[in-house]
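Open the model in your viewer and keep the selection panel at hand.

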Amino acid sequence: MNVKQNLEQINEHITKSLEKVHRDTRPNVIAVTKYVTIERAKEAYDAGIRHFGENRLEGFQAKREALPDDVVMHFIGTLQSRKVKEVIDDIDYLHALDRKSLAKEINKRASHVVKCFVQVNVSEEESKHGLALEEVDAFIELLEQYENIQVVGLMTMAPYTEDEAEIRQIFETLRHKRDEIQAKQLDYAPCTELSMGMSNDYEIAAEEGATFVRIGTKLVGKEE
Ligand SMILES: *Cc1c(COP(=O)(O)O)cnc(C)c1O
């Protein structure tokens, strides 16, 4: 299927999910183009998508250069501190802030305020990046000193499982943590956003209040 058809289907599913839970915040759909060519990314642009996500530096830069200027670029992977200076000014949203050393480097190198999601490893899987839930408050507090960092929200990845209840629990937990931080009304950490949901679980994420879903395989496909 082409990207436009995939997008229509995803949008329909999101609409159904939101109706089911009587929620009206519709998540922004980020097209994750890490598995596909520049041509396919352009097809997504032509289908109306403006949010693009990449998890590696090379892919990020290639797509950034190839796509028109009105795209919003999301860096969704782990960013090595020594690579920050090469790419930070091209990033609109960073989804994986998870350590002080990275925050410090971003603050030093960025010439604009970078919108960051703090990545949380809610499921506590060893293979996953991100802070443990109980570390989040203290981590966000220490970000106050960095004027080029704005904490726009929290991000997580659910485990790869068929167990819907488990996934839902993780997304719900992240939403509660987001609400807690948002309630603190910190200038540097408005924390209004929730980046959660991928090809296999974006509907559950929408039901649980995601404001950004990151979709690769089901939207633009997976080449190779
Ligand atoms: C690859 C990736 C996605 C998209 O994964 P799909 O399952 O292909 O939709 C979303 N988020 C992150 C952080 C990723 O690395």
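For the residue classes used here, Ala, Val, Leu, Ile, Met, Phe, Trp, Tyr, Cys and Pro count as nonpolar, Asp, Glu, Lys and Arg as charged, and the others, Gly among them, as polar. The model is predicted.

**The shell.** Select the ligand, then the residues around it: Val32, Lys34, Tyr35, Ile76, Met155, Met157, Met198, Ser199, Arg214, Ile215, Gly216 and Thr217. Coloured by class, this shell divides into seven nonpolar, three polar and two charged residues.

Show the side chain of Lys34, where a polar atom lies 2.7 Å from an oxygen atom of the ligand. At Arg214, an N or O atom of the side chain is 2.9 Å from a nitrogen atom of the ligand. Now put a surface on the ligand: taken alone it exposes 390 Å², and the protein buries 91% of that.

Where does the ligand sit? It is in the largest pocket, whose volume is about 980 Å³. Select the 39 residues that line this pocket; Lys34, Tyr35, Met157, Met198 and Arg214 are the closest to its centre. Then highlight helix H3 (57–66), helix H7 (164–183), helix H8 (202–207) and strand E8 (212–215), the elements that each give two or more residues to the lining. Finally, colour the lining by class: 16 residues are nonpolar, 12 polar and 11 charged.

Note on methods:
Residues numbered from 1 in each chain as written. Predicted model: local features only at pLDDT ≥ 70, side-chain atom pairs only at ≥ 80, totals over all residues. Heavy atoms only, no water. Near = heavy atom within 4 Å. Polar contact = N/O pair within 3.5 Å; in protein donor to acceptor, adjacent residues only side chain to side chain. Areas by Shrake-Rupley, 256 points an atom, 1.4 Å probe, with all protein chains shown as cover. 1 Å grid on protein atoms, 1.4 Å probe; cavity = no way out; pocket = protein on both sides within 12 Å on 5 of 7 lines; lining within 4 Å. Sits in = over half its atoms within 2 Å of the grid points. Points joined across faces, edges and corners; volume = space filled by probe spheres on them. Helix = DSSP H or I, 4+ residues; strand = E, 2+ residues; numbered from the N terminus.
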